[in-house]
Amino acid sequence: MITDPFDTGPTGTFRTLCRNYPDETVFRGADGFRSLWGPIFYRGRANGTARLLVIGQDPAQTEAVTRRCLSGQAGRRVQGFVEKLGYTKSYLMINAFLYGIFNQSMALPHLNDPEIAAYRNQWLEAAFAKGRIETVVTFGTPAFNAWTAFKATPAGAAAAATVQFHKALHPTADKPNGPISRKDLLDNWNVALQALHPTLAHPDVVMPLVPYGSDFTVAELPEIPSRDLPFGFPAWMRNTDFWASLPTATPGTERANISIEVP
Ligand code: URA
């Protein structure tokens, strides 16, 4: 008998925000969003117990299936990062964009559209409402810009004054032959870890910092904890990558279809 813990869902304000959210008239396909796949709200503790707030960019194809942010390749990289800080449970992850992006150059300029920013700021305010968040990490430029926009609000300025903040590269910023190598990414993450690790007041687990080498080790790509996903998710969806992909072969379907191949 499997008795894995599972995410029992958001509570309080977080729950209200999952019921009442901007729709596809705000995140329009014509503006480069994958609105067909619906909103992806969070991963982790949407119940006021989080100590670490993570901001990513936008949900990809894996997240469209799991209905949780940062649960594919990028998510397992981030999971390893937060666990190096000792946050094995008390984190909340959201994205700068509630819907997946189909076309970056079309979608990114909408980061601070009034309805998009206002809704995101409600999530951020909810995250800080209980006064427990002590660390904030943004992954990538849109996430950093989202945090900056929140900080420009009175609630955001008050929240930012209470936390340690670090801006990190996006978990999949490295590209073969691109300007950012795997080692560049991990060097950047090591700087973040070294800055934050000594400041943590309430990690779930107190442990010495083990920095990254020049590539991720297997242990640095942990599975997505079962408690972060709804009940019944098979283990392979949490402990393998690339089972969901966007078919590009058929013109006209690339905005809509997702293929799943069980590893
Ligand atoms: N998946 C997410 O949910 N966010 C990212 O930034 C990348 C992948």
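This section describes the overall fold dimensions of a predicted protein model and the surroundings of its ligand.

The protein chain contains 9 helices and 7 strands. Its radius of gyration is 18 Å, close to the 18 Å that the globule rule gives for 263 residues, so the protein chain is as compact as a globular protein of that length.

The ligand takes up the space of the largest pocket. Around the ligand lie G56, Q57, D58, P59, E63, C69, L70, A74, N95 and H170. By class, this shell comprises 4 nonpolar, 4 polar and 2 charged residues.

In the case of D58, a backbone N or O atom lies 3.0 Å from a ligand nitrogen atom. For E63, an N or O atom of the side chain is 3.0 Å from a nitrogen atom of the ligand. N95 also contributes through its side chain, with a polar atom 2.9 Å from a ligand nitrogen atom. The ligand taken alone exposes 240 Å², and the protein buries 95% of that area.

Note on methods
Residues are numbered from 1 along each chain as its sequence is written. This is a predicted model: local features need pLDDT of at least 70, side-chain atom pairs count only at pLDDT 80 or more; totals for chains, interfaces and linings use all residues. Side-chain values use heavy atoms; hydrogens and water are left out. A residue is near a molecule or strand if one of its heavy atoms lies within 4 Å of it. A polar contact is a pair of N or O atoms within 3.5 Å; within protein, one must be able to donate a hydrogen and the other to accept it, and residues adjacent in sequence count only if both atoms are side-chain atoms. Accessible areas come from the Shrake-Rupley method with a 1.4 Å probe; for residues, only the protein chains shown count as cover. On a 1 Å grid over the protein atoms alone, a cavity is a set of points where a 1.4 Å probe fits but cannot get out, and a pocket is an open set with protein on both sides within 12 Å along at least five of seven lines; lining residues have an atom within 4 Å of a point. A molecule sits in a cavity or pocket if more than half of its atoms lie within 2 Å of its grid points. Ala, Val, Leu, Ile, Met, Phe, Trp, Tyr, Cys and Pro count as nonpolar, Asp, Glu, Lys and Arg as charged, and the others, Gly among them, as polar. Helices (H or I, at least four residues) and strands (E, at least two) are DSSP runs, numbered from the N terminus. The radius of gyration is taken over C-alpha atoms; the globule rule is 2.2 Å times the number of residues to the power 0.38.
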